[in-house]
Structure formats: structure tokens, C-alpha cells
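Try each task yourself before you look at the solution.

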Amino acid sequence: MEGMGMIILAALVSGLVLLALLLWAFASGQYEDLDGDAVRILIDEEDAAEP
């Protein structure tokens with residue numbers, strides 16, 4: 001039974017760490033521009049590089 005307590009504790013700690021990382025990602029603006037990468041692939045770099 002002691003092993004089961006360690007597994008539950010490890011699951012809770014890892015869950016809290018992952019929740020903290022998710023909240024940090026939201027707070028730092030990682031998910032603000034969801035459409036930018038989707039549109040950026042369609043832009044021709046050759047046209048923008050010519051003077």
C-alpha cells in the first residue's frame with residue numbers, strides 16, 4: 001500500500017507541474033496568434049526578397 005501512495009503522490013505532483021506549465025504558456029502569450037502560422041506558410045518569400 002505504501003507503493004500506491006507514492007504513485008498517487010507522483011501523479012498529483014506531475015499534474016500540478018503540467019498545469020503550471022499550461023498556465024505559464026497562456027500567460028506568456030503562446031496561444032495569442034493561432035492563425036498567423038497558418039497564413040504565414042502561404043506567403044511567398046521570393047516576392048518579398050526582391051528589391
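The exercises below go from the overall fold to single pairs of side chains.

Before you start, note that this is a predicted model, in which local features need pLDDT of at least 70, side-chain atom pairs count only at pLDDT 80 or more, and totals for chains, interfaces and linings use all residues. Residues are numbered from 1 along each chain as its sequence is written, and side-chain values use heavy atoms, with hydrogens and water left out.

**Exercise 1.** Find how many helices and strands the chain has, and say where confidence is lowest and highest.

*Solution.* Start with the definition: helices (H or I, at least four residues) and strands (E, at least two) are DSSP runs, numbered from the N terminus. The chain has three helices and zero strands, giving the pattern α-α-α along the sequence. Next, look at pLDDT, the predictor's confidence in each residue, from 0 to 100. Its mean over the chain is 87. Confidence is lowest in helix 3 (residues 45-49), with a mean of 62, and highest in helix 1, at 96.

**Exercise 2.** Check whether the span of helix 1 agrees with its 26 residues.

*Solution.* The expected span is 1.5 Å times one less than the number of residues. For helix 1 this gives 38 Å, and the end C-alpha atoms are 38 Å apart, so the two agree. After helix 1 comes Gly29, whose phi is positive, near 85°.

**Exercise 3.** Decide how the rings of Phe26 and Tyr31 are arranged.

*Solution.* Rings of Phe, Tyr and Trp (its six-membered ring) pair if their centres lie within 6.5 Å; planes under 30 degrees apart are stacked, over 60 edge-to-face, and the rest tilted. The count by this rule is one aromatic pair. The centres of Phe26 and Tyr31 are 5.1 Å apart and the planes are at 50°, so this pair is tilted.

**Exercise 4.** Which residue forms a salt bridge with Arg40?

*Solution.* Look for a side-chain nitrogen of Lys or Arg within 4 Å of a carboxyl oxygen of Asp or Glu. The whole structure holds one salt bridge. Arg40 forms it with Asp33, and the closest N and O atoms are 4.0 Å apart. Arg40 is partly exposed at 46% relative accessibility, and Asp33 is partly exposed at 49%.

Conventions: Buried < 20%, exposed > 50% of the residue type's maximum accessible area, 1.4 Å probe, protein only.
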